Amino acid sequence: DDDGAGEKEKEEYIMRAAATGIRMLVEDDYLIGGAAMLALKALVEMTRICTAEEFNGEDPSDVRSTLLQYRHRINESLASRLTGKDVVARECSAAATVGDFSMEAF
């Protein structure tokens with residue numbers, strides 16, 4: 001069944017991204033805000049496919065709610081820092097975010 005294989009690949013991708021996100025959020029001394037948003041997005045997606053047993057008995061929807069609160073706070077902080085900055089500053093921030101998250105895969 002192709003749909004089953006595609007769904008399994010998607011779940012594996014989400015789990016790899018979530019593992020990268022956890023490593024970034026826990027181990028890095030400094031994390032670019034946009035990369036933190038990507039890490040949290042991966043973790044939120046993980047809560048959609050994992051069971052309570054995989055979260056040490058925690059309800060995945062409760063974990064997701066907490067992660068979404070963190071993401072909201074970070075997003076507000078990022079928005080206030082980039083407001084009024086020129087296009088080059090915003091583009092540099094976006095490029096650094098992609099690089100920060102991409103380098104974690106190595």
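Start by selecting Ile22, which is partly exposed because its relative accessible area is 40%; buried means under 20%, exposed over 50%, and partly exposed in between, with a 1.4 Å probe and protein chains only. Ile22 sits in helix α1. Helices are DSSP runs of H or I with at least four residues, strands are runs of E with at least two, and both are numbered from the N terminus.

Before you go on, please note that this is a predicted model, in which local features need pLDDT of at least 70 and side-chain atom pairs count only at pLDDT 80 or more, while totals for chains, interfaces and linings use all residues. Residues are numbered from 1 along each chain as its sequence is written, and side-chain values use heavy atoms, leaving out hydrogens and water.

Together with Ile22 they form a nonpolar patch on the surface, with about 260 Å² of accessible area. Such patches take residues with over 30% relative accessible area and no salt bridge, joining nonpolar side chains (Val, Leu, Ile, Met, Phe, Trp, Tyr) within 5 Å and like charges within 9 Å. The areas come from the Shrake-Rupley method with a 1.4 Å probe, and for residues only the protein chains shown count as cover.

**Stepping back to the whole chain**

Switch to a cartoon view. Of the 106 residues, 27% are buried. The accessible surface of the chain comes to about 7,300 Å², and carbon and sulfur atoms hold 53% of that.

**Helix α2**

Next, select 33–49, which is α2. Is this helix mostly covered or mostly open? Mostly covered: 12 of its 17 residues are buried, among them Gly33, Gly34, Ala35 and Ala36. Its end C-alpha atoms are 25 Å apart, which agrees with the 24 Å that its 17 residues should span at 1.5 Å a residue; the expected span is 1.5 Å times one less than the number of residues.

**The nonpolar core**

Select Ile14, Ala18, Leu40, Leu43, Val44, Met46, Cys50, Phe55 and Leu67. These nine residues make up the largest nonpolar core, where a core is a set of buried Ala, Val, Leu, Ile, Met, Phe, Trp, Tyr and Cys residues joined through side-chain atoms within 4.5 Å. Helices α1 (2–27) and α2 each supply at least two of its residues, and α2 gives the largest share, four residues. Centre on Met46: leaving out residues up to four places away in sequence, it touches Ile14, Met15, Ala18 and Phe55. Contact here means heavy atoms within 4.5 Å.

Pick Ile74, in helix α3. At 24% relative accessibility, Ile74 counts as partly exposed. Which residues does Ile74 contact, neighbours within four places aside? They are Gly33, Ala36, Met37 and Leu40.

**Two salt bridges**

How many salt bridges does the whole structure hold? The search finds two, taking a side-chain nitrogen of Lys or Arg within 4 Å of a carboxyl oxygen of Asp or Glu. For one, show the side chains of Lys8 and Glu12, which meet at 3.8 Å, N to O. Both lie in α1, four residues apart, about one turn of the helix. Lys8 is exposed at 52% relative accessibility, while Glu12 is partly exposed at 39%.

For the other, show Arg48 and Glu45, paired at 3.4 Å, N to O. They lie three residues apart in α2, again about one turn, and Glu45 is partly exposed, with 28% relative accessible area.

**Last stop: Asn56**

Finish in the loop between α2 and α3 (60–82), where you will find Asn56. Its phi is near 50 degrees, a positive value in a residue other than glycine. Most residues other than glycine have a negative phi. Asn56 is also exposed, with a relative accessible area of 76%.
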